[in-house]
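Try each task before reading its solution.

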Amino acid sequence: MNKQSPFTKLADIAFLSFCSTSRAIYKLMAVVVHMGTVDDGHYITYRRYVTEHASKWLYTSDEHVEATSRDQVFSSCAYMLFYERAGRLSDAVSSSNNVQ
C-alpha cells in the first residue's frame, strides 16, 4: 500500500484517552515510512530534532542521517506516526487569545 494519508503537525486525540477531563494537544515527533512490498522492503524515519530555539526534521535510514524539509516529511506515505504530548487544549486556546 503506497497511498498517502494526510496527517497533521498537531493533533487533538482525546478520543483515544481513557481520561477525557483534560483534552491534550500532541505534537508530531516522528514519521516511519515503509518502502517496498509486503514481503520485502525497508523502513526510514523522519524525526523532529528539537533545540532550545528551533526544531528541524531529520531523515534517517540505517546509518545515514541528513537534514530534510518539513514538506518532505508531510508529503511522505506514513506507515506509523509518533506524537508527543505538547500541552492541554485549554492552554493553547488561552495563549492564542492573549496574542496581541
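**Exercise 1.** Find which residues make up the largest nonpolar core, and which elements supply them.

*Solution.* Start with the residues: Leu28, Val31, Val33, Ile44, Tyr46, Trp57, Val73 and Phe74, eight in all, form the largest nonpolar core. Such a core is a set of buried Ala, Val, Leu, Ile, Met, Phe, Trp, Tyr and Cys residues joined through side-chain atoms within 4.5 Å; buried means under 20% relative accessible area with a 1.4 Å probe, protein chains only. Next, sort by element: β2 (24-36), β3 (41-50) and α1 (70-74) each give two or more residues. The largest share, three residues, is from β2. Helices (H or I, at least four residues) and strands (E, at least two) are DSSP runs, numbered from the N terminus.

A note on the model: it is predicted, so local features need pLDDT of at least 70 and side-chain atom pairs pLDDT 80 or more, while totals for chains, interfaces and linings use all residues. Residues are numbered from 1 along each chain as its sequence is written, and side-chain values use heavy atoms, without hydrogens and water.

**Exercise 2.** Is Ser76 buried or exposed?

*Solution.* First locate Ser76 in the loop between α1 and β6 (78-88). Its relative accessibility is 7%, so Ser76 counts as buried.

Terms used: Buried means under 20% relative accessible area, exposed over 50%, partly exposed in between (1.4 Å probe, protein chains only).
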